[in-house]
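These are my notebook entries on one protein chain. I set down what I looked up, entry by entry.

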Amino acid sequence: MYIIVDDRESVTNSYVGGLVREGVSSIGFSSGEFWDWLQSANESDLAAVDAFLLGDCGARGSLPRAMRKRSAAPIIAMSGQKMLKNTLELFESGVDDVVHVPIHLREILARTAAIARRRVGDLPRPCETRIQVFFNGRDPEIGGRAITLPRRELRILEYMVGNHGKWITKTQIFNAVYGIFEAAFDESVIESHVSKLRKKLRDRLGFDAIVARRYVGYRLEIPAGETLDVPMQDLNEVAILLNRAHAAPAAYPAGN
């Protein structure tokens, strides 16, 4: 789940709508509302946060340190001022990254994933030799071949890859996929999503990559010995992907 903090309601609504279309749950707060929520949120709610997007709001200089005291999720500041002084001040406040608007949401998703990768190190995990997810809307690769998944199943796969080898509960998956404020759906929908995803992975990999245990939850489990020789994309292919991303329309207007 992404949390957008901006005192302009139209901006938070724009981001929430765009992220939902990308299959990512999100919610927008004004700075005052966010401060109240941050002080009262429990640990399970905070653990469901993928990133904080900090826009134009009061106390922007002090909020990042307050966020960091309660959560390790990436903090990305969104600035409408392309000035070195402003950018340096934002980094000094404690944010992990600064982006200048307008910016496409898929770039923000990719930056969030990059921050998370740097924190856990660059060594590939066992699951990454068989399952590759890109956290930017691109189809994942299972067994060396791309597969198109419904957005809910893709989000579950991304969450499981990020927690490879750990038991995760149905509630944790629900919060990551639907958000902690979702009341229109019941947690039982996760069972159906995971069952369909599990079958698709089994068909591609030849074994059950998702282990289910009653009253415990689910775990993505791929043996370290399960390797696959997948050639890396050459620079031309990477350039094509980057050009396509930059050619897409911006999801966030410059605003005032």
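**Entry 1: Phe135.** Is Phe135 buried, partly exposed or exposed? I looked up its relative accessibility and found 25%. Buried would require a value under 20% and exposed a value over 50%, so Phe135 counts as partly exposed. I note that the model is a predicted one. Phe135 is located in the loop that runs between strand 6 (131-132) and strand 7 (141-142). I then listed what Phe135 touches, leaving out residues up to four places away in sequence: Leu109, Ala110, Ala113 and Glu158. For Leu109, 26 residues away along the chain, I noted a C-alpha separation of 6.0 Å from Phe135.

**Entry 2: confidence.** I looked up the pLDDT of the protein chain and recorded an average of 82, with 83% of the residues scoring at least 70. Residues 226-251 have a pLDDT below 50, and I noted 25 contacts in the model for this stretch beyond near neighbours in sequence.

**Entry 3: Ser93.** I located Ser93 in the loop between helix 5 (84-92) and strand 5 (97-100). Its relative accessibility is 5%, and Ser93 therefore counts as buried. Setting aside neighbours within four places in sequence, I found Ser93 in contact with Arg60, Gly61, Pro64 and Arg65.

**Entry 4: two helices.** How are two packed helices described? The angle between their axes and the distance between the axes are given. For helix 8 (residues 170-178) and helix 9 (residues 189-205), I recorded an angle of about 85 degrees and axes 10 Å apart. Helix 8 is therefore roughly perpendicular to helix 9. On the helix 8 side, the contact is made by Lys170, Ile173, Phe174 and Tyr178. Helix 9 contributes Val189, Ile190, Glu191 and His193. Sorted by class, this contact has 5 nonpolar, 1 polar and 2 charged residues.

**Entry 5: aromatic rings.** How many aromatic pairs are there? I recorded a count of 6. In one of them, the ring centres of Phe29 and Phe34 lie 6.2 Å apart with planes at 55 degrees, so this pair is tilted. I found both Phe29 and Phe34 buried. The rings of Phe34 and Trp37 have centres 6.0 Å apart and planes at 35 degrees, so this pair is tilted. Because Phe34 and Trp37 are 3 residues apart in helix 2 (residues 31-40), about one helical turn separates them. Trp37 is buried, as is Phe34. Finally, I noted that ring pairs link Phe29, Phe34, Trp37 and Phe52 into a cluster.

Notes: Residues are numbered from 1 along each chain as its sequence is written. This is a predicted model: local features need pLDDT of at least 70, side-chain atom pairs count only at pLDDT 80 or more; totals for chains, interfaces and linings use all residues. Side-chain values use heavy atoms; hydrogens and water are left out. pLDDT is the predictor's confidence in each residue, from 0 to 100. Contact means heavy atoms within 4.5 Å. Helices (H or I, at least four residues) and strands (E, at least two) are DSSP runs, numbered from the N terminus. Buried means under 20% relative accessible area, exposed over 50%, partly exposed in between (1.4 Å probe, protein chains only). Axes are lines fitted to C-alpha atoms, for helices over the stretch in contact, and angles run from 0 to 180 degrees between N-to-C directions. Angles under 35 degrees count as roughly parallel, over 145 as roughly antiparallel, 65 to 115 as roughly perpendicular and the rest as oblique. Ala, Val, Leu, Ile, Met, Phe, Trp, Tyr, Cys and Pro count as nonpolar, Asp, Glu, Lys and Arg as charged, and the others, Gly among them, as polar. Rings of Phe, Tyr and Trp (its six-membered ring) pair if their centres lie within 6.5 Å; planes under 30 degrees apart count as stacked, over 60 as edge-to-face and the rest as tilted.
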